[in-house]
Amino acid sequence: VMSVIAILFTPMLGPRFDSSRRQPAFLALLAVMAGIFYSAFAFHLPFWMLGLAMAGLSFCWTPINPLMNYMSLHSRAADAASRGFGGYRRWGSFGFAVAGAVSGWLSWATGLWVIFPAYALCALGTALIAKGIPGDAVRPHADKGELLPAMRHLVRLPVFRSLALLSFAYSIGNSICWGFRAIYLDSIGIPERHIGQLWFL
């Protein structure tokens, strides 16, 4: 479900984000909606309802990282005094590491149920931070009518096709790792508390 939603709907959200005059609010709304849909997995729902929740989560969550990267590039990397995108993005890697350790410790101390309210709280935090981004930090630069010619031009670039192939190979490995890791840990008999310990480590 996540893969299909990402392929079909993320390209539709991109142009809407470009033409939006309230891009931080756009990002904040996606974050809050992702938190709401994710929290649905804390309940014992029928399988079809879990599928709908996954579709909603995928629709809101998949574009968040690319849109944050875009906002970082637009507001920071273009500034000659900044360290550029690589220096700015390092905080994303640091945050990913901290989040893994903290969520592992919380799951170890309380159980895996804690990841659902924690995700929702982080979504609200993302929304508040995004709301505080100054209006002049991001400026709409694209009209909806420009999408198809721009996409055709992009696809013709050899460097873009190489990047697409690289991203495709990375996504395959990433999906296998994250999608099946929890199933594997459960299949070899690791209880919830020990899963939290492994996460923390």
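Tutor: Start with Ser 107, which counts as buried because its relative accessibility is 1%. Buried means under 20% relative accessible area, exposed over 50%, and partly exposed in between, with a 1.4 Å probe and protein chains only. The model is predicted, so to speak of local features here requires pLDDT of at least 70, side-chain atom pairs count only at pLDDT 80 or more, and totals for chains, interfaces and linings use all residues. Numbering runs from 1 along each chain as its sequence is written, and side-chain values use heavy atoms, with hydrogens and water left out.

Ser 107 sits in helix H5, residues 84–110. Helices (H or I, at least four residues) and strands (E, at least two) are DSSP runs, numbered from the N terminus. The side chain of Ser 107 comes to 2.8 Å from the backbone oxygen of Ser 103. That is a polar contact: a pair of N or O atoms within 3.5 Å, where, within protein, one must be able to donate a hydrogen and the other to accept it, and residues adjacent in sequence count only if both atoms are side-chain atoms. Set aside neighbours within four places in sequence, and Ser 107 contacts Leu 112, Val 114, Ile 115, Gly 196 and Trp 199. Contact here means heavy atoms within 4.5 Å.

Aromatic pairs come in here, and the structure holds six. Rings of Phe, Tyr and Trp (its six-membered ring) pair if their centres lie within 6.5 Å; planes under 30 degrees apart count as stacked, over 60 as edge-to-face, and the rest as tilted. Phe 17 and Phe 26 form an edge-to-face pair, because their ring centres are 5.5 Å apart and their planes stand at 80°. Trp 108 and Phe 200 are tilted instead, with centres 5.7 Å apart and planes at 45°. Trp 108 belongs to helix H5 and Phe 200 to helix H9 (residues 192–200), so this pair ties together parts 92 residues apart in sequence. Trp 108 is partly exposed at 33% relative accessible area. Phe 200 is partly exposed too, at 36%. Phe 17, by contrast, is buried at 0%, and Phe 26 is buried at 19%. Ring pairs also join Tyr 38, Phe 41, Phe 116 and Tyr 119 into a cluster.

Helix H1 (residues 2–19) packs on helix H2 (residues 23–39) at about 145°, with the axes 8 Å apart. Axes are lines fitted to C-alpha atoms, for helices over the stretch in contact, and angles run from 0 to 180 degrees between N-to-C directions. From H1 come Leu 13, Arg 16, Phe 17 and Asp 18; they meet Gln 23, Phe 26 and Leu 30 of H2.

Leu 13 and Leu 30 also touch Pro 63. Pro 63 lies in the loop between helix H3 (47–61) and helix H4 (64–77). It is buried, at 3% relative accessibility. Thr 10 and Ser 58 complete its contacts, not counting residues up to four places away in sequence. The C-alpha atoms of Pro 63 and Gly 14 are 7.9 Å apart, across 49 residues of chain.

Last, the whole protein. It has nine helices and zero strands. Of its 201 residues, 24% count as buried. Among contacts with a separation of 6 or more, 74% come from residues 24 or more positions apart.
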